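Hi there,

Here is the structure I promised to pass on. Please have a look at it, and then read on for my notes.

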Amino acid sequence: MPSPVADSNEDSAMLPATGGNYLPSATDYPPRPTKPLSDYAADLAFQLLQSMQYMLPEQPVAISTFVEFDQQLSNTTAVGNQLAEHMYYQMQRLGIPVADIKLSRQIRVTPAGDLVFSRGSYLDTKQQVNYVLAGTILRDSAGLVVNARVMHMRTKAVIGSAQLHIPDFVLTMTNPVYAEWSTEY
């Protein structure tokens, strides 16, 4: 009659590499991000669309850089710029017309390439936008709280708002610059 205790070589072939423990090992923490930053921007855009369901803008929405929520409300970060860039795609994907305020008056042909975006003197000084999407970023102990809103430029009415939290581990995997920025707080 065979022994009830199986040969150790047979057992080791059937057990997972964790030595029989079916829980993830400690080296699997913090968990790897399952959503890139663009998916958080998609969530933000969808929340904005939901809150605007009774008052969609008739004209294109300009998108500004997301800024740090501090006394100046003018400090930008790589994350704030990336979120704004993602919002161009996400808002238009949901059917909201979008205006690009960085589009220059002309295409500049340079040795470095043919350039159409600008942040300087090539911009149209008479931009006719009535709606703007703006956002703030607030650092907390586990990541960033992002607040976004779509507003009418003349009346200052908020026609849509959204909020979400982006965990630190997503941001450091997405953008190594964030790791340096987050240590300043």
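Helices here are DSSP runs of H or I with at least four residues, numbered from the N terminus. Keep in mind that this is a predicted model.

With that in place, let me start with glutamine 82. Glutamine 82 sits in helix 3, which covers residues 78–93.

Leaving aside residues up to four places away in sequence, methionine 91 touches Ala45, Leu48, Met52, Ile63, Ile96, Val98, Leu133 and Val150. As for rings, the count of aromatic pairs comes to zero.

Next, the charges. Side chains of opposite charge can pair when their charged atoms come close. How many salt bridges does the structure hold? There are three, and here they are in turn.

- Lysine 35 and aspartate 43: their closest N and O atoms are 2.4 Å apart. Lysine 35 is partly exposed at 26% relative accessible area, and aspartate 43 is partly exposed at 32%.
- Glutamate 85 and lysine 102: these side chains meet at 3.5 Å, N to O. This pair links distant parts of the chain, with glutamate 85 in helix 3 and lysine 102 in the loop between strand 3 (98–99) and strand 4 (103–110), 17 residues apart. Glutamate 85 is partly exposed, with a relative accessible area of 45%, whereas lysine 102 has 15% and counts as buried because the cut-off for that is under 20%.
- Arginine 139 and aspartate 168: the N to O distance in this salt bridge is 2.9 Å. Here too the pair links distant parts of the chain, namely strand 6 for arginine 139 and helix 4 for aspartate 168, 29 residues apart.

Besides its salt bridge with aspartate 43, lysine 35 lies over the face of tyrosine 40, at 4.3 Å from the ring centre.

Finally, a word on the backbone. Which phi value does leucine 73 have? Its phi is positive, about 50 degrees, although leucine 73 is not a glycine. You will find leucine 73 in the loop between strand 2 (67–68) and helix 3, where it is partly exposed at 44% relative accessibility. Lysine 156 is not a glycine either, and has a positive phi of about 70 degrees. Lysine 156 belongs to the loop between strand 7 (143–152) and strand 8 (158–167). Why does lysine 156 count as exposed? Its relative accessible area is 61%, and exposed means over 50%.

Terms used: Residues numbered from 1 in each chain as written. Predicted model: local features only at pLDDT ≥ 70, side-chain atom pairs only at ≥ 80, totals over all residues. Heavy atoms only, no water. Helix = DSSP H or I, 4+ residues; strand = E, 2+ residues; numbered from the N terminus. Buried < 20%, exposed > 50% of the residue type's maximum accessible area, 1.4 Å probe, protein only. Contact = heavy atoms within 4.5 Å. Phe/Tyr/Trp six-rings, centres within 6.5 Å; stacked < 30°, edge-to-face > 60°. Lys NZ or Arg CZ within 6 Å of the ring centre and 35° of its normal. Salt bridge = Lys/Arg side-chain N within 4 Å of Asp/Glu carboxyl O.
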